[in-house]
Amino acid sequence: MNTALKLGSLPVMGINMTKNYGSLKASTKVKVFAVDGAGDAEFPSFLPKEVEKIKDPFARSLSKRMKRLPVQIGMSESCIMSSCVKPLRQSNKTSPVVLLHCFDSSCLEWRCTYPLLEEAGLEAWAVDVLGWGFSDLETRPPCDVASKRHHLYQLWKSYIKRPMILVGPSLGASVAIDFTVHYPEAVEKLVLINPSVYAEGTGNLAKLPELVAYAGVSFLKSLPLRFYANMVAFNGIPFFTILDWTCVGRLHCLLPWWKDATVSFMLSGGYNVISQIKQVKHKTLIICGQHDQIVSYQHVVKLHSELSNAIIREVSDSGHLPHVDNPKCVAKLIADFAQGDADVNAKSQFCLAQLTALPRQ
């Protein structure tokens with residue numbers, strides 16, 4: 001198995017602006033800037049200067065919303081300034097929705113769906129998992145599974161403070177399951193998107209000599225590899241558009257501690273949540289992309305059968321990251337689920353494919 005699949009899929013950032021998802025093309029461009037007021041704002045100073053070169057308006061807008069919050073770690077008074085996108089308003093009327101991201105990605109992954117969730121009236125938090133994203137890791141803290149879990153818990157305890165709807169795409173689903181098993185009181189419901197939960201950690205990569213591990217991580221950062229991942233995921237997209245999406249997806253890799261944090265995670269063994277799945281008792285929505293080429297459909301069905309309180313919905317005309325290439329559909333599924341539509345069906349049928357409509361390999 002190649003490195004990208006062993007660790008979790010490479011983050012493929014972007015949306016085909018030429019496709020029309022209902023009114024998304026017409027409405028979202030306007031409402032992103034109307035909602036967040038970031039059109040004329042400056043980028044946060046902690047972002048790499050390369051953010052100025054990004055053309056994607058959704059990425060630029062969400063980048064300007066990004067903040068760093070102090071999150072205490074350990075028994076000392078030391079804090080990690082942790083990157084996230086906070087809701088404009090916090091409300092007790094609905095449960096907070098906390099958005100995780102894929103392996104080696106950032107909260108910018110949610111740039112197209114986040115404004116739609118806010119538009120639906122949800123209190124949405126897009127957070128960077130420790131070791132990825134744009135948090136300040138100058139002190140080089142450990143970035144193993146336990147550290148990632150504890151950091152997320154401390155962020156939740158300090159700022160969110162209410163049972164949340166935890167959303168995890170790809171490897172983020174493993175992050176969500178691991179967190180839920182250890183802190184069940186912090187989670188009300190789960191949303192797992194094309195969940196990568198059956199990998200047995202980083203496998204033999206955890207046994208690599210440190211020098212070799214750093215070389216491998218350097219390749220993971222490379223522009224050609226990430227550009228190729230976008231080329232595979234999106235067909236018929238202009239060269240310069242794919243190049244822009246690639247720059248969004250690797251922006252966090254330009255921070256000076258990214259390589260150390262990624263090696264720390266790799267050599268720690270990574271996520272292996274196979275034995276934890278049946279311990280999850282929370283109501284769960286599984287969202288899968290119709291054309292996902294990363295997580296097998298059999299694994300999605302297996303996960304559904306092993307969770308005691310789960311429903312599964314398929315997003316048509318979508319791949320491994322439906323919250324990127326069909327954000328309107330994913331936002332509506334999450335909103336309906338968060339707001340108590342247990343069936344998640346009647347209001348969302350327009351964007352679902354029948355689970356048996358296509359043969360699966």
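Entry 1, ground rules. I am working with a predicted model, in which local features need pLDDT of at least 70, side-chain atom pairs count only at pLDDT 80 or more, and totals for chains, interfaces and linings use all residues. Residues are numbered from 1 along each chain as its sequence is written, and side-chain values use heavy atoms, with hydrogens and water left out.

I looked up the secondary structure and found 13 helices and eight strands (DSSP runs, H or I of at least four residues for helices and E of at least two for strands, numbered from the N terminus). Of the 361 residues, 57% are buried (under 20% relative accessible area, 1.4 Å probe, protein chains only).

Why do I call strand β6 largely enclosed by the rest of the structure? Six of its seven residues, in the range 187-193, are buried, so the rest of the structure largely encloses β6.

I checked pairing (at least two DSSP bridges between two strands). Strand β5 (residues 164-169) runs parallel to β6 and is joined to it by six bridges; P169 has I193 in β6 as its bridge partner. Strand β7 (residues 283-289) is also parallel to β6, with five bridges between them, and there T284 of β7 stands opposite L190.

Methods
Buried < 20%, exposed > 50% of the residue type's maximum accessible area, 1.4 Å probe, protein only.
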